[in-house]
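Biologist: Could we go through this model together? Please begin with the terms.

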Amino acid sequence: MTDASLSPSGISPGAPAARPAESARDALLKKRHRSEKLFRAQGMAAIVVAMIFLVVLVGRIVAQGYSTFETHTLTVPVYLNPERIDVNALEGVNYDYIVAEAMMKKLGVQDDDLGTTSGKIMDLTSRDFGNQLLQMVKKDRSLIGKTVNVTGSVKADADLYYKGEIKRSTAEEDRKLDNQQLDWLDRLKKDGTVQTGFNTKFFTNSDSTEPEQAGVWGAVIGSAMMLFITAMIAIPVGVLAAVYLEEFAPKNRWTDIIEVNINNLAAVPSIVYGLLGLALFINWLHVPRGSPLVGGLVLALMALPTVIIATRSSLKAVPPSIREAALGVGASKAQTVFHHVLPLAMPGVMTGAILSLAHALGETAPLLMIGMVAFVPGAPENFASSATVLPVQVFIWENASERAFHERTAAAIIVLLVFMILMNATAVILRRRFERRW
Amino acid sequence: MLTWLSLLFLALFSGAAFMAGRSRALKSSGGSKAKLHSLPNYYGLYAALWAGAPAALLLLLGATFGGRVEDAMLQAQRPAAVQALTPDRQDVFFSDVNAVATGQAASEVSYDGPLRAAFDAKVVEAKRIDGIVSYSVLGLAGLLALAGFLLATPRINTEFRARNRVEGWIAGVLIACSIAAVLTTLGIVMSLIYESWRFFESVSPLSFLFGTEWAPQIAMRADQVASSGAFGAVPLFAGTFLVMLIAMLVAAPIGLYSAIYLSEYAGRSMRATIKPLLEILAGVPTVVYGFFAALTVGPLFRAFFNGIGEQMAGGPLDGIAQYLMQVQNQMALVAGVVMGIMLIPFVSSLSDDIINAVPQSLRDGSYAMGATKSETVKKVVLPAALPGIMAAMLLAVSRAVGETMIVTMAAGLQAKLTANPLDTVTTVTVQIVTLLTGDQEFDSPKTLSAFGLGLTLFVVTLGLNIIALRIVQKYREQYD
C-alpha cells in the first residue's frame with residue numbers, strides 16, 4: 001500500500017492550500033457519512049438476506065414435513081367370511097375385498113354389481129389391512145369364520161384430506177377423492193373409528209410403493225452401514241497419512257506433490273468420485289452395485305482429503321516443546337508421535353473426522369453413479385446387498401408423482417438433518433470439552 | 001466368509017506369535033528388561049508382524065482379485081456352443097454359471113441342447129476352480145504366516161534391535177497411507193481417461209467439444225454408431241455456464257458483503273451468532289437444496305412470471321407476455337438462485353478469512369488519515385485482499401460447476417443453447433447423472449460419453465483450483 005492509493009479526492013480534507021469553504025466541507029462530510037451508512041446498510045442487508053434464506057429453507061421443509069409425523073389409523077372389525085377364504089390357497093384370497101366388506105357394513109352401504117362402492121372404499125384403506133389379515137390367518141386358521149379387529153393406516157389420499165391438504169372446496173373432478181368418499185371419511189372421523197396418532201411406521205418401515213406404508217428405516221440402516229465402512233477406511237488411512245506428512249516426511253519434491261495433490265483432491269466435484277467408483281470398484285473390481293460396501297468405499301475416498309487436512313492442522317497445533325521433551329528423555333520418533341503428539345491432537349482429529357463423516361452422510365451425487373437408486377423395500381441384510389441411504393431416499397421420493405410422497409420427502413430431510421445436527425453437535429462438544437489451547 | 005474366518009485365525013496366530021516373541025526375548029535376557037535393546041513388547045510385535053502382516057495382505061488381495069482370476073480361468077476355454085453366442089450373451093452365460101455355482105439366482109435365460117451341457121460342465125468347472133483358487137490362497141497364506149514366524153523368532157536375542165525394526169514397519173504403513181491419496185488421484189485420472197478414450201474412439205473430440213447438438217438418446221443401439229452431431233457438448237457447457245453465472249451473481253455480492261460486515265462492523269456477539277448460522281447453511285446437504293428448488297422456489301418463480309405475463313397480456317409487449325405465461329417450473333434461474341444460496345456461506349467464510357488476514361496496521365493507518373470505515377474497506381482492505389478474494393470466487397465457481405443435485409432436480413434435461421434464464425437448460429453434471437443412472441451397458445457411446453463429460457469437468461475444476469492457488473501465491477502481499 002502506498003500513500004497514493006490512500007488519498008483520493010475527499011479523503012484528505014486537511015490539505016491547507018485548497019481548503020474548501022465551511023459549507024462545502026460540511027456537504028462533503030455529509031456525503032461521506034451518507035456513503036458510510038449506505039455501505040454499512042448494504043453489509044447488514046447481505047447478512048439479513050442470507051439469514052432469511054436460512055429461515056425460509058428450514059421453515060419451509062419443516063412446514064412441509066412435520067405433518068408426516070401425524071397419521072390417521074382406522075380400526076375396523078372384520079368378519080373373516082369362510083365363503084370367501086379358500087383354506088387351500090390362503091395367499092390367493094382377496095383380503096382387500098373382505099376389508100372393504102367390513103367397511104361397507106360399518107358405513108351401511110351396499111356394493112353394486114360393478115363393485116364401484118367397494119372400489120371407492122379400497123381407495124381409502126391401506127393395503128396393509130389385507131396383509132395383516134393374511135398374516136393372521138396364516139398363523140391361526142381357526143380365525144376363519146370369526147370377527148377380528150384390524151388396525152391400520154388410512155390410504156395416503158385420505159390422510160391428506162384429514163390433514164387439510166385435499167380440500168372439499170376444490171372441484172370434485174380435480175381431486176382424487178369424490179364427495180361420497182369425503183362424506184365417509186368425515187363420518188369415520190366423527191364416530192371415532194379413525195384415530196389420530198404419532199406415525200411410528202414412518203420410522204419402522206422401509207421404502208414402499210404406497211406412501212402411507214413408506215418409511216425411512218431401511219435408509220437409516222443403509223446410511224449407518226455405509227458410514228461405518230467410510231469411517232473404517234477414511235479415518236485410519238487419513239490420520240496415518242497426515243501423521244506421515246506432518247511428522248515424518250522429509251521436505252522434498254515428492255512430499256510437495258502429495259501435498260498439492262491432497263489439496264486439489266479436496267476440491268474435486270463429488271460426482272467425479274462417483275465416476276471413479278463406477279469405473280474402479282464396479283466395473284473393474286466387481287463390487288456389488290448399490291451396496292453399502294461400494295458406497296462406503298467411494299465416500300471414504302472422498303472424505304480422505306478432508307480427514308488428512310483436519311488431522312494435519314490439529315497436529316500442527318501441538319507445540320514443538322512436547323516433541324522436544326519426549327525426544328529429550330530418549331523416546332524414538334515413532335514413540336514421540338504415537339505416545340504424545342497424536343493423543344494430544346486426538347480431539348481435533350476426531351472433530352475433523354466426525355465433520356467429514358457428517359458431510360459424507362449428506363452426499364448424494366456419487367451414490368447415484370454407483371447404482372444406489374433402486375427401489376429397496378427393506379433394510380440391507382449385509383454389506384454386499386442392495387441398499388438405499390437417506391439422501392438418496394430423499395431424491396427418489398422427490399421424483400415420485402404422488403403428492404403424499406412430497407410430505408414424506410420433507411420428513412426424510414428432517415430425519416437427515418437431525419442426524420447431521422447430532423453429528424455436528426458431537427463434534428462441537430468434543431472440541432469444546434477436550435481441545436487444549438497451548 | 002472363508003476370508004473372515006481365516007483372518008480371525010490369522011489374528012489369533014499372530015497374537016500367539018506376539019506372546020512367543022516377547023517371552024523369547026525375556027528368556028534370552030534372563031527375565032531382565034534392562035538388558036534388552038528394546039522394550040519386550042517390541043520383540044513381540046516384531047514376531048507378530050512377520051507372522052500376520054504378509055499373510056493378511058495376501059488374504060485381502062485374494063478376496064479382492066480372486067474373483068477376477070477365477071473368471072479368467074473359467075473363460076479361458078469357451079466351448080463351441082458358447083462361442084456361437086454374441087459377446088453380450090456370452091457374458092450373461094458366464095455370469096449365470098457363476099451365480100449357479102455360488103448358489104444364487106441366475107437370470108431367466110434358458111439353455112438347451114449343447115448349450116445346456118456346456119453350462120452344466122462349466123458350473124462344475126467353476127466350483128472346482130473356486131475351490132482351487134481359494135484353497136491355494138489359504139494354503140499360501142498359511143505358509144507365509146508360518147514362514148514369517150519361523151524366520152522372525154530365531155533372530156530375537158538381547159542385541160536384536162526390535163524397536164527399530166517395528167518402527168520401520170510403522171514408517172512403511174504411514175507411507176502407504178499417504179500414497180493412498182495419490183493413488184486416488186491416479187485412479188480418477190486413469191479411469192476418466194481410459195473410459196473417455198473409448199468414447200473418443202467413436203466420437204471425435206472436436207465434435208464433442210465444439211458440436212452444438214446434444215442428443216445422446218439417439219445413439220442408443222450399438223449398430224447405430226453415433227452420428228457425430230449427437231454428442232456436441234456445447235449446449236451443456238452453455239447451460240453450466242449460465243447456471244454458474246446466476247449462482248455467482250447471487251453468491252458473490254451477498255457472500256462478500258456479509259464477510260465484510262462480519263469482519264469489519266459486527267461486534268463479537270453478532271459474529272458469534274451469525275457465523276454458526278452460516279455454517280448450518282453450509283452444512284445442509286445439496287439434495288435438500290435440490291428439493292427446496294424443485295418444490296418451493298420453482299413453483300414460486302413460475303407463479304411470479306406467469307402472473308407478470310397475465311398482467312402484461314394484450315399490452316404492447318404481448319409477445320413477451322405470452323412467453324412469460326408459459327414459463328415452467330424448471331428453469332436456469334431457479335437452479336442458479338438456489339445454488340447461489342448454497343454458495344453464500346462458502347464465499348463468505350473464505351472471504352472472511354482473507355479479510356481478517358489483512359493486517360490491522362493498514363486499517364489503523366487509513367483511519368489515522370481520517371478515512372471512514374467504508375472508505376478504509378473499499379480503498380485499503382479490499383485492494384489488499386483482492387488476490388485472495390479472486391481466488392475465493394474462482395473456488396466458488398469451481399464448486400458451482402461441479403454441483404450436481406440442485407441442477408439435477410431443478411434445471412431440467414433439455415439441452416438448449418440459450419442465454420435466457422427463464423428457459424430450461426441442462427448442465428454437464430445433470431447429463432452425467434442421467435446417462436449413468438439406471439441400467440447401462442458399458443460399450444455404448446451413450447454411457448461412455450458421461451466419462452467424456454466427467455473428464456472435461458475434472459479438468460475445468462482442477463484448472464480453476466490451480467489458477468486460484470497461483471493467484472494467491474503470486475499476488476499475495478507479504479506484510480510481516
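Modeller: Two residues are in contact if their C-beta atoms, placed from the backbone, lie within 7 Å. This is a predicted model, in which local features need pLDDT of at least 70, side-chain atom pairs count only at pLDDT 80 or more, and totals for chains, interfaces and linings use all residues. Residues are numbered from 1 along each chain as its sequence is written, while chains are lettered from A and ligands numbered from 1 in the order in which they are written.

Biologist: What does Phe210(B) touch, not counting residues up to four places away in sequence?

Modeller: Phe210(B) touches Gly232(B) and Val234(B). The C-alpha atoms of Phe210(B) and Val234(B) are separated by 5.9 Å, although the two are 24 residues apart along the chain.

Biologist: Where does Phe210(B) lie, and why does Phe210(B) count as exposed?

Modeller: Phe210(B) belongs to helix H7 (residues 205-210) of chain B; helices (H or I, at least four residues) are DSSP runs numbered from the N terminus. Phe210(B) counts as exposed because it has 12 C-beta neighbours inside 10 Å. A residue is buried if 20 or more other C-beta atoms lie within 10 Å of its own, exposed if 12 or fewer, and partly exposed in between.

Biologist: On to the interface: how many residues of chain B are in contact with chain A?

Modeller: There are 78 residues of chain B in contact with 73 residues of chain A. Helix H6 (residues 162-202) of chain B supplies the largest share of the chain B side, 19 residues. That side divides into 49 nonpolar, 23 polar and six charged residues. Here Ala, Val, Leu, Ile, Met, Phe, Trp, Tyr, Cys and Pro count as nonpolar, Asp, Glu, Lys and Arg as charged, and the others, Gly among them, as polar.

Biologist: Where does H6(B) bend?

Modeller: H6(B) bends by about 25° at Ala181(B), the bend being the angle between axes fitted to the seven residues ending there and the seven starting there. The end C-alpha atoms of H6(B) are 59 Å apart, which agrees with the 60 Å that its 41 residues should span at 1.5 Å a residue. The expected span is 1.5 Å times one less than the number of residues.

Biologist: Thr184(B) lies in that helix. Is Thr184(B) buried or exposed?

Modeller: Thr184(B) is buried, because 22 other C-beta atoms lie within 10 Å. Leaving aside neighbours within four places in sequence, Thr184(B) is in contact with Leu265(A), Leu301(A) and Leu304(A).

Biologist: And H1 of chain A: which of its residues are buried?

Modeller: Among them are Phe39(A), Gly43(A), Phe53(A) and Gly65(A). Their cover includes helix H16 (403-434) of chain A and, from chain B, helix H9 (268-283) and helix H10 (286-312). Helix H1 (residues 22-65) of chain A reaches 64 Å from its first C-alpha to its last, close to the 64 Å expected.

Biologist: How is chain A divided into domains?

Modeller: Chain A has domain 1 (29-66), domain 2 (70-199) and domain 3 (217-434), with bounds from an automatic or database domain assignment. The C-alpha centres of domain 2 of chain A and domain 3 of chain A are separated by 46 Å.

Terms used:
Helices (H or I, at least four residues) and strands (E, at least two) are DSSP runs, numbered from the N terminus.
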